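Biologist: I am new to this structure. Please take a close look at one part for me, the place where the two chains meet.

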Amino acid sequence: MQFIDEFRAPNAVKSLLNQINALVKKTVFTKDSPLNIMEVCGGHTHAIFKFGLDQLLPPEINFIHGPGCPVCVLPMGRIDTCIDIAKQPNVMFCTFGDAMRVPGQQGSLLTIRGEGHDIRIIYSPLDALKLAKLNPEKQIVLFGLGFETTMPGIALTILQAKQLQLSNFSLLCQHICIIPTLKALLALPDIKIDAFLGPGHLSMIIGIKPYEFISQDYAKPVVISGFEPVDILQSVIMILMQLIKQQYLVENQYRRIVADKGNTAAQAVINQVFTLQGNDEWRGLGKILDSGVRLNEKYREYDAELRFNTKRHCQQDDPNARCGDVLTGRCKPINCPLFGQTCTPTSAYGALMVSSEGACAAYYQYRQSDLI
Amino acid sequence: MCIGIPCQIVSIDKNLPHIAIAEVNGIGREIDISLVTSNNKPITIGQWVLVHVGFAMSMLDEDEAKQTLSFLNAMQEEEPDVGVLFIGKE
Ligand code: SF4
């Protein structure tokens with residue numbers, strides 16, 4: 001259990017908690033039928049666990065850990081495609097560190113690196129571009145994944161590759177957009193989400209307007225939130241106020257970083273390079289309408305799947321694994337029969353257990369003692 | 001991957017004005033600043049920016065930057081993966 005005095009601003013935290021306790025009494029929520037707030041972003045999930053916010057808040061408030069961790073929604077078959085490409089001769093496969101340990105059917109990128117294949121962990125897509133310039137005899141493949149936070153950087157990298165006429169550089173595109181994901185989530189019949197804590201840094205790119213369908217069509221509050229404990233608590237207060245007033249809006253708690261209109265230059269470069277096409281399959285979420293992000297016709301020559309002529313892997317998940325139910329808030333990680341048994345951070349079955357932003361990893365790390 | 005890292009601009013490339021060196025925790029790294037600059041709002045040395053995968057995505061004031069850094073440091077202590085994200089090293 002976290003002690004409030006450990007926070008940087010303990011008095012502010014105490015005062016916010018007092019306000020939350022008073023406000024929650026004015027609502028219909030109870031311990032048995034709590035207010036379900038979905039935090040969309042994995043960064044929020046980790047802050048909530050690290051600072052024990054879920055335990056400091058009254059039992060009438062329950063956090064549901066949403067699908068906003070791009071690594072967690074990676075279908076197993078996509079890792080198999082990564083591995084197919086990485087095993088081809090002369091390929092240098094570049095990925096963000098988060099994807100290294102995600103298991104596919106044939107192992108993970110980490111395991112095949114151990115077998116001698118050339119897998120590089122990069123910090124920025126520009127590092128991959130540099131490798132392409134330095135190694136003209138190699139094929140450099142960049143694994144592009146992430147929501148709109150990483151898309152502008154990848155898009156600018158593609159533009160630079162074209163400008164430099166680099167023929168040994170390509171992209172395995174596994175991006176996902178947040179709005180189709182949320183639409184799919186809200187269309188599920190048995191979902192109990194009362195309000196959303198909106199992703200802070202992703203919204204810095206797309207702005208707050210795209211979320212309006214949630215408040216308008218579904219009558220649910222959305223508050224774009226910062227990551228610090230006081231930010232999250234303030235956002236909970238804003239959600240409670242909307243519920244009490246029964247006025248549902250998209251509000252911006254993180255105004256100091258997120259401009260309401262987002263970063264328009266970043267939006268423009270995303271639209272220039274990428275297009276939404278096809279109904280892609282996502283782990284735990286199934287097929288989502290128009291969620292497939294592809295390179296635009298003009299940049300198709302950089303599509304690694306076309307260059308290496310890969311086949312799509314369709315991999316059925318273990319029927320006992322409840323990754324999808326965790327991602328959609330139908331259950332907590334501890335309700336998964338694989339949790340802590342066949343699925344642990346060192347021998348994970350699902351990405352939720354290996355991603356730094358995954359809910360199962362957070363439970364495993366911070367809540368083990370509660371389970372005994 | 002989703003949390004940006006505050007970095008302070010310490011120099012801007014004379015030949016490539018969209019490339020800058022930014023520092024975080026004393027480590028300098030090359031970043032691209034084209035998405036936060038334009039002709040009528042050039043970036044200056046000493047400016048803090050929020051960086052995602054090597055690209056500056058928004059400007060920050062110094063107080064905000066320092067607060068966010070101490071928050072990320074706190075996360076990093078127990079979260080090696082956040083550390084990878086933070087300093088960009090394995
Ligand atoms: S414990 Fe493992 S298998 Fe179960 S939901 Fe979490 S990641 Fe998926």
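Modeller: Start with the side chains of B:E30 and A:K130. They meet in a salt bridge, at 3.4 Å from N to O. This is a predicted model, and side-chain atom pairs count only at pLDDT 80 or more. Between chain B and chain A the count is 2 salt bridges, and the one joining B:E30 to A:K130 is among them.

Across the interface of chain B and chain A, 6 residue pairs are in polar contact, with both residues at pLDDT 80 or more.

Next, look at the whole interface. On one side, 34 residues of chain B take part. They are in contact with 48 residues of chain A. The size of an interface is often given as the accessible area lost when the parts come together. Here, the area buried between chain B and chain A is about 3400 Å². Carbon and sulfur atoms give 61% of that area.

To sum up the interface: chain B and chain A share 2 salt bridges, 6 residue pairs in polar contact and about 3400 Å² of buried area.

Definitions and conventions. Residues are numbered from 1 along each chain as its sequence is written. Chains are lettered from A and ligands numbered from 1 in the order in which they are written. This is a predicted model: local features need pLDDT of at least 70, side-chain atom pairs count only at pLDDT 80 or more; totals for chains, interfaces and linings use all residues. Side-chain values use heavy atoms; hydrogens and water are left out. Contact means heavy atoms within 4.5 Å. Buried area is the accessible area (1.4 Å probe) that two parts lose on being put together, summed over both. A salt bridge is a side-chain nitrogen of Lys or Arg within 4 Å of a carboxyl oxygen of Asp or Glu. A polar contact is a pair of N or O atoms within 3.5 Å; within protein, one must be able to donate a hydrogen and the other to accept it, and residues adjacent in sequence count only if both atoms are side-chain atoms.
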